[in-house]
Amino acid sequence: MKELLALMGFGIVMAAVPLFVSSGFALNIIIMTLYAALLGQAWNILAGFGGQFSFGHAVFFGTGAYVAAVLQVRFGWNAWAALPAAVALGAAVGALVGALSFRYGLRGSYFALVTLAFAEVFRILSNTFEFTGAGVGMMIPLTESAADFQFASRAGFLYVILAFTLIACLVTWWLKHSRYGAWLQAIRDNEESAAALGVNVFRVKLGAIMISGALMAAGGVFYTQYFHYIDPHIAYGPGVSVEALLGPIVGGMGTLFGPLLGAAALHLLGELTRSLMGDAPGVSLMTYGLVLVLMVTFLPRGIIGLFSGRAAPAKPEEARRA
Amino acid sequence: MLELSILFPSILNGLTTGAVYALIALGLTLIYGVLHIINFAHGALLMIALYGVFFLHQKLGLDPYASLLVMVPAMFALGYLLQRFVIWRASHGKDENILLVTLGLAIVLENLALYVWRSDTRTIETAYTFSTVNILGAMISVPKVAAFAGALAVGAALLLLLAKTDLGRAIRAIAKERHGAKLVGIDVEHVFAMSFGIGLACLGAAACFLLPSYYVSPQVGNGFVLIAFTIVVLGGMGSFAGALAGGFIIGVVESVGGLWLGESLGQIGIFLIFIAVLLFRPQGLFGARA
């Protein structure tokens, strides 16, 4: 209950921001932070709660982004109508990747690799066919009306991404407190034991990757609407996959607020390095990579681990299994 | 059906490209076989090695093949230090952590290169860059033939090292039974770092053989990293013969696939093979089922 109240408080504060802040620059930072939190929460559901580390979450993001763009540009759909279609297809791609990899028992590094390969396959396909605009990418027509999921002011986008992020957080909250979530976490902690206790491992993992894929796809739709443009590298390249996993790792995997905390911390850091080093190419990503290494080395439970007092992880010598 | 006169050179070209892939994959498979970790930074480290060869040629006028004498030991040292002081410490004994740390390393190296050297694509020119040899009517470039020979030599050297030396015996012991190896007095941490170093030394060699016919840019490693994973998985994780054979197979698939489907779509064959092998035969063509 305390968590739900905290979420509600967070939602109210964020929703009030446009009343006091009118600077487009500041609103943009908040929007991009919420957007990163959404991607992070999607990844967190599969990795933090399900123990399945995906390195190719772009495959779901890109599918959402392209479905939105293709339906609008090629078929004249309204963007709001394209949203559920994109989310459904994101879940469907999740089902495809999940069914194949979980049916054949891929785990750990192998699962990470196969998701990466799927993202590459989709990138090459979208880069090849005229239907998706090939290498040039796709531009969606600019209309600037709320009825078309394009807003004249940034506040409109802020409300949409806030709603998406809150939905993702509610799903995560449900995972923490439901029977299904308990099954999922049991699989993360010990797949064999979970199976022995009667958990249908395959179906539970499949559900998790579909939820995760659907939320990622919603992030993809938002991206397309916010930037009016999508291309194969943005949609299916490694950038999005890394962005999705960075936040939860920095903030704290397998927790409700970790991805929000991580997204905020990373955006603060990003703005800080930008003001210190200027817009030189590579600098912000370099700091992100550095943060990833440092977090895993010194704070494997994320920022949130600083506040909850569980025992520190065992030393490598003791924990390392042959 | 394609004309044989087109297909044959394409296959030969694929074999020579595959040799370089095999060299890269040899390092990756050694690291996997011993440490049971997947080194996501492999592509980025290859990129660093390629810059090394490039600057040795540009600043000191060193021939890329002479750079072997510098790059192989330099990359070995880098690998030893990285494993001993960064990756091992960060891992906390969990495989996921190693995945994440090597991913983080890859991001840092790639963007550091982008920051320092910008995204320019750089090539070197040597007297033999554009010379070709005639092999049964097919014209194959000399650097690629050299790479082919180099890959076989490095593969043979690795096999000898593993079979005949004390270090090789220690590596094999650890790959089989980590705790047992420790009990009989093998310094596991040292051998891990040696293995990682040797794996990167292979990258150093690969860079020297690659640059005369290729280019270097901060993102150059990305193209290789998934290909190298594919080869390692195809050949069976930890198998040297598998990595060599897998390299040749993937080289030919890419070359012939490109001929059929065009440059962009041709690469898709590699990833489809990768996914299929991971799903249906994860032990690879040459690996034994665990």
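## Basis

In this predicted model, local features need pLDDT of at least 70 and side-chain atom pairs count only at pLDDT 80 or more, while totals for chains, interfaces and linings use all residues. Residues are numbered from 1 along each chain as its sequence is written, and chains are lettered from A and ligands numbered from 1 in the order in which they are written.

## Chain A overall

Chain A has 14 helices and two strands; helices (H or I, at least four residues) and strands (E, at least two) are DSSP runs numbered from the N terminus. Along the principal axes, its C-alpha atoms fill a box of roughly 60 × 40 × 40 Å.

Of the 322 residues of chain A, 52% are buried. A residue is buried if 20 or more other C-beta atoms, placed from the backbone, lie within 10 Å of its own.

Helix 9 of chain A (residues 201-227) reaches 39 Å between its end C-alpha atoms, close to the expected 39 Å. The expected span is 1.5 Å times one less than the number of residues. Because 21 of its 27 residues are buried, helix 9 of chain A is largely enclosed by the rest of the structure. His228(A) follows this helix, with a positive phi near 60 degrees.

Gly278(A), with a positive phi near 75 degrees, follows helix 12 of chain A.

## Nonpolar core

The largest nonpolar core has 207 residues, of which Leu23(B) and Leu50(B) touch the most other members. Such a core is a set of buried Ala, Val, Leu, Ile, Met, Phe, Trp, Tyr and Cys residues joined through C-beta atoms within 7 Å. Helix 8 of chain B (residues 188-210) gives the largest share of this core, 16 residues.

## Contact between the chains

Chain A and chain B each bring 40 residues to the contact; two residues are in contact if their C-beta atoms, placed from the backbone, lie within 7 Å. On the side of chain B that touches chain A, helix 4 of chain B supplies the largest share, 15 residues.

Definitions and conventions: Buried ≥ 20, exposed ≤ 12 C-beta atoms within 10 Å, placed from the backbone.
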